[in-house]
Amino acid sequence: MCVVYDLALMKLLTICAYSFLFNLTNATVVNVYLVEISCDIAFGVALVVMQLVILIETMTALQMMSWLSPEGFFLFYAVTSFLGFLFVYFCIGETMHLSEKEKKLMYQPGGKLGRKLTLGEQWEQPSVVVSEMSD
């Protein structure tokens, strides 16, 4: 018994499935998560950097496909996405139910997830003005 596989159709279906799952998960999650973990101008900076990375990926995608083949191209992005997942899982703190002030305190120098203070450097309480809007 001889089984014939249509590899061109399988590649097309794989690309369509990848695009669908990417747009269903990562593409939307990044924007939601950026809002959750960042505050003030940091969100704008992170969004601009993300868009610049997407621009660079778009400009280099065809060359990468010719160097790596389509299978290697998708494998490259699968591996880098997995490494990004590991980074977020182990290096980004949970911010659920935290106020903007608590998020800032968590990531500032000397904070739980901020950089370590250098010798002689002293932590200063930030002067954060929290205004509540009244109805």
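Reader: Is glycine 93 buried or exposed?
Author: Glycine 93 counts as buried, because its relative accessibility is 12%; buried means under 20% relative accessible area, exposed over 50%, partly exposed in between, with a 1.4 Å probe and protein chains only. This is a predicted model, where local features need pLDDT of at least 70, side-chain atom pairs count only at pLDDT 80 or more, and totals for chains, interfaces and linings use all residues. Residues are numbered from 1 along each chain as its sequence is written, and side-chain values use heavy atoms, with hydrogens and water left out.

Reader: OK, where does glycine 93 lie?
Author: In the loop between α3 and α4 (100-107). Its C-alpha atom is 9.3 Å from that of lysine 103, ten residues along the chain.

Reader: And how many helices and strands are there?
Author: Four helices and zero strands, so helices (H or I, at least four residues) and strands (E, at least two) here are DSSP runs, numbered from the N terminus.

Reader: Switching topic: what percentage of the chain is buried?
Author: 12% of the 135 residues.

Reader: What about phenylalanine 85, where is that?
Author: In helix α3, residues 41-91. Phenylalanine 85 counts as partly exposed because its relative accessibility is 48%.
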